[in-house]
Amino acid sequence: MNNEEIKALSKYRLEQAKENLEEAKALFNISKFKGANNRAYYAIFHAIKAILALEQTDFKKHSSVIAYFNKNYVSTQIFSRDLGRGVNEARFYREKSDYVDFYIVTKEESEKQLKTAELMIEQAEKYIEGKII
């Protein structure tokens, strides 16, 4: 990939993250908390993938994407440990929401996932802008 293609992919993934966040908020507003958790997680996931696009790194498994982000961006304090914990928590709750029968998602839990997604997108956008310029 050339530089312009890398930038375009990163921006595309960031826009995907923003769209996922809009969907999460819409679901939250109609009290569909399981769906809101799912879309908030994907907002986080696509924001991370937007960052990884800049270094042309990608993985097939979600766990690998998050592990790489934690190792190379959180452990090195490019992103805060609090955000790293929030990312891990969002993945945990998304998996419970999607795969555990009879799991009841609380409004507070879902609201927390939305806040993590907003923070991840905000910080990813700043990081990407600093790298693209």
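Helix 2 (residues 33-53) packs against helix 5 (residues 107-132) at an angle of about 15°, and their axes lie 9 Å apart. Angles under 35 degrees count as roughly parallel, so helix 2 is roughly parallel to helix 5. The crossing of helix 2 past helix 5 is left-handed. Keep in mind that this is a predicted model.

Which residues make the contact? Helix 2 brings ten names to look for: F33, A36, N37, A40, A43, I44, A47, I48, A50 and I51. Helix 5 answers with K107, E109, S110, Q113, L114, T116, A117, M120, I121, A124, Y127 and I128. Sort the residues of this contact by kind, and you get 16 nonpolar, 4 polar and 2 charged.

Now turn to the aromatic rings. The model holds 11 aromatic pairs. One of them joins Y73 and Y127. Their ring centres are 5.7 Å apart, with 85° between the planes. Planes over 60 degrees apart count as edge-to-face, so this pair is edge-to-face. The pair links distant parts of the chain. Y73 sits in helix 3 (residues 62-74), Y127 sits in helix 5, and the two are 54 residues apart.

F92 and Y93 form another pair. Their ring centres are 5.2 Å apart and their planes stand at 75°, so this pair is edge-to-face. F92 is partly exposed, with a relative accessible area of 43%.

Notes: Residues numbered from 1 in each chain as written. Predicted model: local features only at pLDDT ≥ 70, side-chain atom pairs only at ≥ 80, totals over all residues. Heavy atoms only, no water. Axes fitted to C-alpha atoms, helices over the stretch in contact; angles between N-to-C directions. Helix = DSSP H or I, 4+ residues; strand = E, 2+ residues; numbered from the N terminus. Parallel < 35°, antiparallel > 145°, perpendicular 65-115°, else oblique. Left-handed = near helix turned anticlockwise from the far one by under 90°. Contact = heavy atoms within 4.5 Å. Nonpolar A, V, L, I, M, F, W, Y, C, P; charged D, E, K, R; others polar. Phe/Tyr/Trp six-rings, centres within 6.5 Å; stacked < 30°, edge-to-face > 60°. Buried < 20%, exposed > 50% of the residue type's maximum accessible area, 1.4 Å probe, protein only.
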